[in-house]
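This report covers the interface between two copies of a chain.

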4 protein chains.
Amino acid sequence: MIRAGVVGATGYAGAELVRLLSGHPCVRLAAVSSVSFQGKPLSEVYPAYYRLCDMVCGTQEEVVAQSDVVFAALPHGLSQELAKECFEKGRAFIDLGADFRLENEEDYREWYGGTYLYPELHEASVYGLPELFREAIRGKKMIANPGCYTTAVPLALAPALKNGLIQKDSILADCKSGVTGAGRTPTQNTHYPELNEGMSAYKVASHRHTPEIEQSLSHVAGEKVKVIFVPHLLPVNRGILATCYAKLTDSVTMEQIRDAYGEAYGGEYFIRLLPQGRSADIKNVRYSNFCDISLHIDHRTNTFIAISAIDNMVKGAAGQAVQNMNIVFGLDETTGLRIVPPAF
Amino acid sequence: MIRAGVVGATGYAGAELVRLLSGHPCVRLAAVSSVSFQGKPLSEVYPAYYRLCDMVCGTQEEVVAQSDVVFAALPHGLSQELAKECFEKGRAFIDLGADFRLENEEDYREWYGGTYLYPELHEASVYGLPELFREAIRGKKMIANPGCYTTAVPLALAPALKNGLIQKDSILADCKSGVTGAGRTPTQNTHYPELNEGMSAYKVASHRHTPEIEQSLSHVAGEKVKVIFVPHLLPVNRGILATCYAKLTDSVTMEQIRDAYGEAYGGEYFIRLLPQGRSADIKNVRYSNFCDISLHIDHRTNTFIAISAIDNMVKGAAGQAVQNMNIVFGLDETTGLRIVPPAF
Amino acid sequence: MIRAGVVGATGYAGAELVRLLSGHPCVRLAAVSSVSFQGKPLSEVYPAYYRLCDMVCGTQEEVVAQSDVVFAALPHGLSQELAKECFEKGRAFIDLGADFRLENEEDYREWYGGTYLYPELHEASVYGLPELFREAIRGKKMIANPGCYTTAVPLALAPALKNGLIQKDSILADCKSGVTGAGRTPTQNTHYPELNEGMSAYKVASHRHTPEIEQSLSHVAGEKVKVIFVPHLLPVNRGILATCYAKLTDSVTMEQIRDAYGEAYGGEYFIRLLPQGRSADIKNVRYSNFCDISLHIDHRTNTFIAISAIDNMVKGAAGQAVQNMNIVFGLDETTGLRIVPPAF
Amino acid sequence: MIRAGVVGATGYAGAELVRLLSGHPCVRLAAVSSVSFQGKPLSEVYPAYYRLCDMVCGTQEEVVAQSDVVFAALPHGLSQELAKECFEKGRAFIDLGADFRLENEEDYREWYGGTYLYPELHEASVYGLPELFREAIRGKKMIANPGCYTTAVPLALAPALKNGLIQKDSILADCKSGVTGAGRTPTQNTHYPELNEGMSAYKVASHRHTPEIEQSLSHVAGEKVKVIFVPHLLPVNRGILATCYAKLTDSVTMEQIRDAYGEAYGGEYFIRLLPQGRSADIKNVRYSNFCDISLHIDHRTNTFIAISAIDNMVKGAAGQAVQNMNIVFGLDETTGLRIVPPAF
C-alpha cells in the first residue's frame with residue numbers, strides 16, 4: 001500500500017483528495033495536516049466524513065514523515081519549502097497549487113508576485129496534465145498538478161491546435177466555474193444570498209490561469225499562443241464549462257476535426273468525446289474524473305467551438321492529482337478513479 | 001386610463017406583463033386570454049396573483065374587443081392574424097413573439113420556417129428596441145418587441161460598433177440565460193433535478209436570435225455584420241448575461257470607449273453603465289427593466305469585452321413591451337417601470 | 001412627505017427597507033447610516049441600487065436629526081439608546097431588532113442576555129403585529145417590529161386558538177427559513193457550497209423567537225401558551241414556511257375553522273387565506289408583504305395543520321415595518337405595499 | 001458474480017441502481033429494461049453514463065431470463081406479475097415499488113386502490129428495512145424495499161419507541177424531500193422556475209407512505225401506532241430530512257435516550273448517530289447509504305426530537321435495495337456501499 005499524506009487537508013481540494021484516496025485500493029491515507037484545524041478530526045470540519053475519516057489533523061512535518069507521497073493543497077506560494085523537504089527525503093510530491101506550474105519564472109513573478117526559491121526543484125518537476133504530456137510525467141516524482149481552467153481549456157483545444165485546424169491567434173475561452181473553485185473561506189460574494197440567482201464574470205482578462213493555459217497550448221502548437229480568457233462564477237457547487245472558440249483554417253470539415261480528436265483521445269479513459277449533436281454539460285461529469293468534450297462548427301463565421309466540462313474538484317484538482325500519483329507509482333492510471341458520475 | 005389586454009397571458013411573458021401592467025398608473029388591465037386555461041382565473045395558474053389578479057382568461061377576440069393596446073405573448077407564428085385584426089380595428093399592437101422582428105422575410109423563412117402573410121403589416125410595424133431605434137418607434141402602433149438575447153447583445157455593443165472602435169467581423173457573443181427563457185411548458189431538460197447543478201450550451205451557433213442580433217448590429221454599423229452567438233442555459237430563474245467580444249481597432253483606449261458609451265447611453269434611464277472595475281451581474285437587474293453594462297479591455301490581445309445583464313422577462317420581454325407602450329401612447333418612457341431591483 | 005431614516009441600512013433588513021421606502025408615495029428617504037460603510041454610497045454595498053439609491057451612509061445621529069421616523073435595523077442590544085434619543089426628540093421609532101419585543105424583562109434576560117435600560121420606553125412601546133394587535137398600535141410612536149418566525153407562526157394559529165378550536169398545550173411549529181434570515185455577514189454555514197443542496201434544523205428548541213411566539217399566542221389565548229419550535233435553514237434566499245400543528249378540540253370541523261379564519265382575516269389585505277386544497281408556498285409571497293395561509297385537518301389523528309408563508313425580509317421585517325409606519329402616520333395601511341408578487 | 005437485472009432502469013431509482021450495481025464488486029449488470037426507451041442505450045437517457053453504461057434497454061422478459069436477481073423500479077401496481085414470474089423461475093426479486101410493502105391488503109386497497117393478486121407472494125415476501133427487521137430478511141428471496149420517508153422516519157424513532165421512552169400516541173413527522181423523489185417525469189410543479197426558490201408541503205396528512213410508516217413503528221412498538229405525517233418538497237436534488245417529534249414519557253433523560261440509540265444502532269454501519277450538539281443535514285449523506293440521526297430534547301415542553309437525514313435515492317431506494325441484495329446473497333451487508341459522501 002502506498003502511504004499517502006495530504007498537507008492542507010481542510011481546504012476543498014484537500015478534502016476532496018481525502019475522499020478519493022479513501023476509496024483508492026492501493027493507498028492508505030497515512031496523515032493529514034491543517035494549520036487552521038490542527039488537533040481536530042477532519043470529520044469535525046466536514047461532517048460528511050464522520051466515522052469514515054476521523055483522522056486528526058497534524059502538522060506538515062508529520063505528513064512528510066509518514067507518507068510515500070505528499071499531496072500539497074496549499075494557498076499559492078506555500079509549496080516551495082514543502083517541495084524541498086519532500087525532495088530531500090525522497091518523497092513523491094504532487095502540488096495542487098501554482099508554485100511549480102509555470103516554466104517561466106518571469107510569468108510567475110508577473111502573475112503571482114513570487115520568485116523561484118529553488119530552481120533545481122523547478123527543473124525536477126513536471127506539469128501533470130497526462131492526456132497532453134504523459135510521457136514527460138513518467139519517471140518523475142515532483143508533479144505540478146494543473147488548475148481547473150487550465151485543464152479544461154487545453155484539453156478542449158489541443159487536437160485542433162496540434163493539427164493546424166484552427167488559427168493560433170484567434171483563441172478565446174469563455175469559462176464558467178462552480179463555487180467550490182473559490183475555496184472554503186466564506187466571502188461576501190460567495191455568501192449564499194448574494195451568489196444564488198446571480199451570475200457574473202470576474203477577473204476579466206486578468207485571471208492567473210491565463211499564462212498557464214497559454215503555456216500548455218504553446219507546447220501543443222509548437223509556438224507562442226495567446227488566449228482571451230474570461231472566467232465566470234456560476235451558482236452551482238462543482239464544474240467548469242469551457243466554451244472555447246477559434247477561427248478555422250481554410251476549408252476544415254467536422255470530419256477532419258473529429259478524426260483529429262478521435263486520434264488524440266480515442267485511447268483516453270478520462271476523455272469522453274461526445275457524439276455529434278450533444279453539448280457538454282457539467283452535470284454529467286460531477287464527482288468524476290471525466291472531461292466531456294463536444295465539438296461544433298459555426299459555418300456562418302467559419303468558427304470552431306469546442307466545449308469541455310469537468311468537475312473542477314476532481315479532474316480539475318484532486319482527481320487529476322490521484323491520476324498523476326498512479327502514473328508516478330506505475331499503477332494503472334485509472335485506479336481508484338473509475339467512478340460512474342451520478343445522473344442527478 | 002389605457003385599456004390593456006394580454007393575449008397568451010398564462011405563458012411566462014404574458015404573466016409577467018400582467019404583473020407589470022397591474023402596477024402601471026395609467027393602465028387598466030382590461031382582458032386576458034389563454035387557449036390552455038380559458039375560463040379559469042389567472043390566479044389559478046399563478047397562485048402568486050391570488051386576490052390580485054383573479055381575472056378569468058377569455059378569448060383572443062374578447063381581448064381585442066376590450067383593449068386599446070393588445071400585447072401578444074404567443075408562440076412564434078401565431079401573431080400575424082391577430083396583428084391584422086388589431087390593425088383593422090385600430091388597436092395598438094405589441095408583439096412579444098418573433099413574427100414581426102425580422103425585416104427580411106427570407107431570414108424569417110430560413111430561421112422560423114414561416115412566411116409573411118400580410119406584407120403591409122410588416123411595413124407598418126417597427127422593431128421596438130428604444131435605446132437604439134427610439135425615433136422609428138414614435139408614431140407607430142405596431143411594435144415588434146425584441147427577444148431577450150437580442151436586447152442584451154446589441155445594447156452591449158452598439159456604441160463601440162457605431163463609433164468604429166471595434167472590428168465588425170470579429171464579434172462574438174457568449175450568452176447565459178435563466179430558465180424562464182425556456183417558457184412555462186415542462187420539459188426533460190428543465191425538470192428540476194436535471195437542470196439543477198448543471199450547465200451547458202444549447203443550439204450552438206444555430207439559435208434563432210442570431211439573425212435578429214445581426215439585423216440590429218447591422219443597422220448600427222451601417223453595413224452587414226455577422227456574429228458568433230452561443231447561448232447557454234443557467235440554473236437560475238431569471239436573467240441574461242451577454243459576454244460580448246470584439247477585436248479593437250487600432251490604438252483604441254478605454255477612455256474613448258467610455259466616452260462613446262457615455263454619449264450613447266448617458267441619457268438612458270434603463271441603461272446603467274457600471275463604474276470601471278465592476279462586472280455586470282444578472283443579480284442586480286432582476287425584476288427590473290435595467291440593462292447593466294460593464295466595459296473591459298484585454299490589452300494582451302487587444303480585445304474589447306462588453307458584458308450586459310438584463311432580466312430576460314422584463315427588459316428582455318414584458319418590461320420592454322411596456323416601455324414601448326409608453327412610447328406609443330406618449331407617456332414618459334419609464335412610467336410604471338421605475339422599479340428598484342431587490343438586492344437579494 | 002414623511003422624512004424616513006434607516007439606521008443600519010447596509011444589513012439585509014435595512015437594505016430592504018430602503019428598497020420599500022424608495023417606492024413609497026408618501027415618504028422621502030432622508031438619511032441612512034451604517035457603522036461598517038460610513039462614508040460610502042449604499043449602492044457600493046448593493047450594486048442593485050446603483051443610480052437609484054446612491055445615498056451616502058452617515059451616522060446614526062444624522063439619521064435622527066433628519067428624519068420624522070427612524071427605522072432601526074441593528075443587531076440585538078443596540079436599539080435602546082437610539083430609542084431614547086428618538087423618544088426625547090419626538091421621532092417616531094420603529095425597531096426591527098428584538099430589544100422592545102418582549103414584555104417580560106425576565107424573558108429578555110434569559111433569551112438575549114440583556115437588561116432593560118429605560119423601563120419607561122418599554123412602557124411607551126408596542127408590539128407591531130397589526131393583524132393581531134392593531135388597536136394597540138394606533139396612537140403609538142414607538143414600535144417593536146416582530147421577527148420573521150414570530151410573524152408567521154402567530155398569524156397561522158391565532159384564529160383557531162382564539163376560538164378554542166385547538167388544544168393550547170399541543171402547539172408545535174416546524175419552520176423553514178430562507179438564508180437572508182441569517183443576515184449579510186458571511187459564515188461557514190452560509191457559504192454557498194456548504195448550504196447549497198443541504199438542509200438541516202438549527203437551534204433546535206432553543207431559538208430566541210420562542211418566547212416572542214409564545215407571548216403573542218398567550219395574548220390571543222388569554223392564558224400562558226407554550227410552543228415546540230424548531231427552525232430549519234433552507235437553500236433559498238427568501239421566505240418563511242411555518243408548518244404549525246395542534247390537536248383539535250372535540251369534534252371541530254373544517255367549516256368551523258374556515259369560519260373562524262374568515263372572520264379574523266376576511267378584512268385583512270395582507271393575509272390571503274388560500275382555497276381549500278392548496279398549500280401555502282413561499283414562492284407565492286416573495287418580495288411582497290403577504291402572508292398566505294392554508295388550513296388542513298389530519299382526520300386520522302384529529303390534528304389541525306395551519307401552514308403560513310411569508311417573505312422573511314418583507315412581512316417578516318421591512319414590509320411590516322412600513323405597514324407599522326403607515327399606521328403610526330395615519331396612512332392607509334397598504335400604502336407603498338400593494339405589490340404583486342412575481343410568479344417566478 | 002451475481003447477475004443483476006433492473007426492470008424500469010430509466011426511472012430515477014432504476015438509474016441509481018445501475019450506478020450502484022456498476023460499482024459493486026460481486027455483481028455483473030446483466031440486463032436492463034425500459035418500456036419508454038426500449039432499444040435505446042441507457043446512456044442516451046442519462047448522458048452521465050456515457051461509455052460507462054451503454055447497455056441497451058430490453059424487455060422485462062429479457063431481464064428475468066438473464067438475471068439471478070431482478071430489481072423492479074416500476075410505478076406502483078406493476079410489480080405483482082413480475083414478482084410472480086421471478087418467483088416461478090427462482091429469481092431473487094427486490095421490489096422498489098409499494099406493491100409488497102403493506103402487510104394488510106386493506107391498507108393497500110385504501111391507499112393505493114389496488115388488490116393483492118397472488119396472496120402467496122405476499123406471504124413469501126418480506127419488508128426490507130434491515131436495521132429494524134434484519135432477521136426476517138435472511139433466507140428470503142422476495143423483498144419489499146421500503147420507500148424514502150418510510151426509511152427515514154422509523155429509523156429516527158424506533159429505539160425511543162421500543163424502549164418506551166416516548167408516548168405512542170404523540171408521534172409527528174414533518175419531512176422534507178429533494179425533488180428526485182418526485183420521479184423523472186417533468187411536471188408543472190417540478191419545472192425549474194416554479195420550484196426553485198419555493199417550498200411547500202404537499203399531500204398534507206394524506207401521503208401514501210403514512211400506513212407504511214405506521215406499520216414499521218407498530219411492529220417496533222408491539223401495538224398499533226398512528227403518526228401525523230406531512231411531507232414537503234425542497235429545492236434540492238436529493239435527500240430526506242425527517243424532523244420527528246414525540247412527547248417523552250415521564251422523566252426521561254438524554255442519557256437514557258442515547259443509551260437506547262447506542263444499543264440499537266451501535267453496530268450498524270449505515271446509521272451514524274451524531275454527537276450531541278450537531279443536527280442531521282441531508283448535505284452529509286448525499287450519494288451514500290448512510291442515515292444520520294441527531295437527538296434533541298425540548299425540555300420546556302418535554303418533547304423528544306429525532307432528526308434523520310438520508311439520500312432518498314440511495315438509503316431511501318437503490319442503496320437499500322443493494323443492501324437487501326447483499327443480505328439475500330449472504331454477502332457482507334456493506335459490499336459495494338462503502339461510499340464516502342462528498343463534503344460539497
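## Shared surface

Of the interface residues of chain C, 98% are also interface residues in chain D, so the copies meet through the same surface. Contact here means heavy atoms within 4.5 Å. Chain C brings 46 residues and chain D brings 45 residues.

The model is predicted: local features need pLDDT of at least 70, side-chain atom pairs count only at pLDDT 80 or more, and totals for chains, interfaces and linings use all residues. Residues are numbered from 1 along each chain as written, chains are lettered from A and ligands numbered from 1 in written order, and side-chain values use heavy atoms, without hydrogens and water.

## Buried area

About 3600 Å² is buried between chain C and chain D. This is the accessible area (1.4 Å probe) lost on putting the two parts together, summed over both. Carbon and sulfur atoms give 58% of the buried area. In chain C, C:Glu197, C:Met199 and C:Arg300 lose the most area to chain D, together 21% of what that side buries.

## Salt bridges

Four salt bridges link chain C and chain D. The term requires a side-chain nitrogen of Lys or Arg within 4 Å of a carboxyl oxygen of Asp or Glu. C:Lys176 and D:Asp174 form a salt bridge, at 3.1 Å from N to O.

## Symmetry

Chain C superposes on chain D by a rotation of 180° with 0.0 Å of shift along its axis, at RMSD 0.0 Å (least squares on C-alpha atoms of residues with pLDDT of at least 70 in both). That is the relation of a two-fold axis.
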